[in-house]
Amino acid sequence: MEWQDEGIVLGARRHGEANVILELMTAAHGRHMGLVRGGRSRRLQPVLQPGNSVAVVWRARIEEHLGLYAVEATAIRAARFIASPLALHGLGTLTALLRLMPERDPHPGLYEALTVLMEHMDDPAIAPALIVRFELAVLAGLGFGLDLSSCAATGSTQELVYVSPKSGRAVSRTAGEPYGDRLLPLPSFLREGGLVDTIGVRDVLAGFQLTGLFFARHVYEPRGLAEPDARRRLIEFLARGEAT
């Protein structure tokens, strides 16, 4: 079997003296692993760093095998990311999120979102909000998507400022005010109209609180998992205001 694809490096682990097992998020084949012969060489080591984009050819005798990757760099970002704590924390978080997805399960929308994120990972003005949006996309991909398009109580699409922690649906200001202490805030950048010009730390942290609740309830706790360390470190980093 053989296919060609493009992918973003999530990680690589040593396999023997000279080889590595490379983990990619690919455009058409989902999160996929393969053996790279000579992956520990001086030529390939800089290519196989997390965050880089590559063009790959995968070959195997049968589909179930690990298979071999032939890899060519298309975008080298690792050196830029190393200089940015925000990018490093964010990349670790994204990798942990993608490892929740079944291996070899195509998710082209997630790949496109990840590609956009790679271009902005070291930009404190937009990267944290994009990561929150990515978390919402992962939840949807796992079957636990939130409905933030209209009010759960009235059907209105106006002044959506809350989210019900029970249903995962948006709630309007009028309908939610009597129960405000039981509802979660809906950050402005997740409301209708998309990203806003200025995204404050408070809104970003509210976004992570929102997604974190549903990850804990529907993903981490049922699987017996803890919140990824990378995600916790990212949130602590943002809360300290060090990303600006």
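Me: How many bridges pair strand β1 with β4, and in which sense do they run?

Reply: Strand β1 (residues 2-15) and β4 pair over seven bridges, in the antiparallel sense. Two strands count as paired if DSSP finds at least two bridges between them, and helices (H or I, at least four residues) and strands (E, at least two) are DSSP runs, numbered from the N terminus. Keep in mind that this is a predicted model: local features need pLDDT of at least 70 and side-chain atom pairs count only at pLDDT 80 or more, while totals for chains, interfaces and linings use all residues. Residues are numbered from 1 along each chain as its sequence is written, and side-chain values use heavy atoms, with hydrogens and water left out.

Me: Which residue in β4 is opposite D5?

Reply: D5 stands opposite V56.

Me: And what does β4 do with β5?

Reply: β4 and strand β5 (residues 68-75) run antiparallel and are joined by seven bridges. W58 has Y69 in β5 as its bridge partner.

Me: How many residues of β4 are buried?

Reply: Five of the seven residues in β4 (residues 53-59) are buried, so to speak mostly covered. Buried means under 20% relative accessible area, exposed over 50%, and partly exposed in between (1.4 Å probe, protein chains only).

Me: Now the aromatics. How many pairs does a search of the whole structure find?

Reply: Three aromatic pairs turn up. Rings of Phe, Tyr and Trp (its six-membered ring) pair if their centres lie within 6.5 Å; planes under 30 degrees apart count as stacked, over 60 as edge-to-face and the rest as tilted.

Me: Why is the pair of W3 and W58 called stacked?

Reply: Their ring centres are 5.4 Å apart and the planes sit at 20°, so the pair is stacked. W3 is in strand β1 and W58 in strand β4, 55 residues apart, and the pair links these distant parts of the chain. Both W3 and W58 are buried.

Me: What about W3 and Y69?

Reply: That pair is edge-to-face, because the ring centres are 6.4 Å apart and the planes are at 75°. W3 lies in strand β1 and Y69 in strand β5, so the pair ties together parts that are 66 residues apart in sequence. Y69 counts as buried at 5% relative accessibility. Ring pairs link W3, W58 and Y69 into a cluster.

Me: Switching to cores. Which residues have the most contacts inside the largest nonpolar one?

Reply: L94, M118, M121, F134 and F215, in a core of 55 residues. A nonpolar core here is a set of buried Ala, Val, Leu, Ile, Met, Phe, Trp, Tyr and Cys residues joined through side-chain atoms within 4.5 Å. α4 supplies the largest share of this core, nine residues. There's also a second, separate core of 15 residues, which includes V9, L22, L24 and W58.

Me: Is V9 buried or exposed?

Reply: V9 counts as buried, at 0% relative accessibility. V9 sits in strand β1. Among the residues V9 touches are L22, L24, V47 and V54, not counting residues up to four places away in sequence; contact means heavy atoms within 4.5 Å.

Me: OK, on to α6. Where is the kink centred?

Reply: On A216: helix α6 (residues 201-223) has a kink of about 50° there. The bend at a residue is the angle between axes fitted to the seven residues ending there and the seven starting there. Just after α6, G224 takes a positive phi of about 70°.

Me: What covers the buried residues of α6?

Reply: The cover includes α2 (85-98), α4 (127-141), β6, β8 and α7 (229-239). The buried residues themselves include F208, L210, F214 and F215.

Me: Last one: what's the strand order in the sheet with β6?

Reply: The order is β7-β6-β8, an open sheet with antiparallel pairing. β7 (170-172) and β8 (184-185) stand at the edges with a single partner strand each, so one side of each is left without a neighbour in the sheet. Three bridges join β6 (residues 160-163) to β7, and V163 has A170 as its bridge partner.
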